[in-house]
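Let's take a walk through this protein together, starting with the overall picture and then moving on to its core and its charged pairs. Have the viewer ready and follow along.

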Amino acid sequence: MKKLLSILALGAALVSPAFAEHIEWEGRKFETVNVKAAVVSLRGEQVLRVERDLKALPFDTTRLEETVDDRHFLKLSQFDFSDVVFEVKMLARTIPNSPYASPQGFIGAYFRVKADNSAFESIYLRPNAGRSNNQAVRNHTVQYFAYPGYKFATLRAEAGDLYETYADIGMDEWITMRIHVAGEKAELFLNDAKYASFIVNKMKGTSKSGTIGLYVDIGTEGFFKDFRIISATPRGAGGA
């Protein structure tokens, strides 16, 4: 079975996609973890659409940090690495009637995801912040966090803006995200840039190996294509 789900739509329109616990996409198998996922047609291409499942993992505006940056992602199956270089193109749109008043198009990737999803690292984007007229908002366009102990608010309180930065990206446009993970360090390259757009010199997480996840958060419908693993060091083969 080449695809467990295949949903056609005209242009950007989506027609009530059916969701499943597993999906095959671009020759790889993925598992949904508190998200809905489907293969859809967008601008004439078959791409992957991912949205957080608020029934499976509710969001609470009064408990913001506790109910975001959590276990809601599409998980690559049968992959376990310590160090890795991977790339994916992503596009974010906001969902009408979002339970969060200021959706930012939260979209990105998890890595070193443990088999039981109890720990992982992440770099994600807020494309809606990238071209804000407010520089303070722009400075939060890129975000690192480590689950479970170091979500965005905890890191801001402990280290200011060290784990965030600005990037010239926007909503409803394809963004190429390439992440290099080696030892305690992670680097983000955006849109085929020669030099890193963001560097985490010492990651905070406890997981030393694991798989990759495609992440979206509250108020966002995320689209992904052209996922590829450029290089990887299997667990126990000399990596972190």
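Of the contacts in the protein with a separation of 6 or more, what percentage comes from residues 24 or more positions apart? In this predicted model, such residues account for 67% of those contacts. Keep that number in mind as you look at the elements: the protein has 15 strands and two helices. Of its 240 residues, 50% are buried. The accessible surface of the protein comes to about 10800 Å², and carbon and sulfur atoms hold 48% of that area.

Now turn to the inside. The largest nonpolar core has 57 residues, and within it I123, L125 and F224 have the most contacts. Strand β6, which covers residues 81-94, gives the most to this core, with six residues. Another core, of six residues, lies apart from the largest one; among its members are A38, L42, V47 and L91.

Next come the charged side chains. A search of the whole structure finds 19 salt bridges, and a few of them deserve a visit. D217 pairs with R52, with the closest N and O atoms 2.8 Å apart. This pair links distant parts of the chain, 165 residues apart: D217 sits in the loop between β14 and β15, while R52 belongs to strand β4. Both D217 and R52 are buried.

K151 and D70 also form a salt bridge, at 3.2 Å from N to O. K151 lies in the loop between β9 and α2 and D70 in the loop between β4 and β5, so this pair ties together parts that are 81 residues apart in sequence. Here, too, both K151 and D70 are buried.

R156, with a relative accessible area of 29%, is partly exposed.

Finally, look for R43, R93 and D172, which are linked in a network of salt bridges.

Note on methods. Residues are numbered from 1 along each chain as its sequence is written. This is a predicted model: local features need pLDDT of at least 70, side-chain atom pairs count only at pLDDT 80 or more; totals for chains, interfaces and linings use all residues. Side-chain values use heavy atoms; hydrogens and water are left out. A salt bridge is a side-chain nitrogen of Lys or Arg within 4 Å of a carboxyl oxygen of Asp or Glu. Helices (H or I, at least four residues) and strands (E, at least two) are DSSP runs, numbered from the N terminus. Buried means under 20% relative accessible area, exposed over 50%, partly exposed in between (1.4 Å probe, protein chains only). A nonpolar core is a set of buried Ala, Val, Leu, Ile, Met, Phe, Trp, Tyr and Cys residues joined through side-chain atoms within 4.5 Å. Contact means heavy atoms within 4.5 Å. Accessible areas come from the Shrake-Rupley method with a 1.4 Å probe; for residues, only the protein chains shown count as cover.
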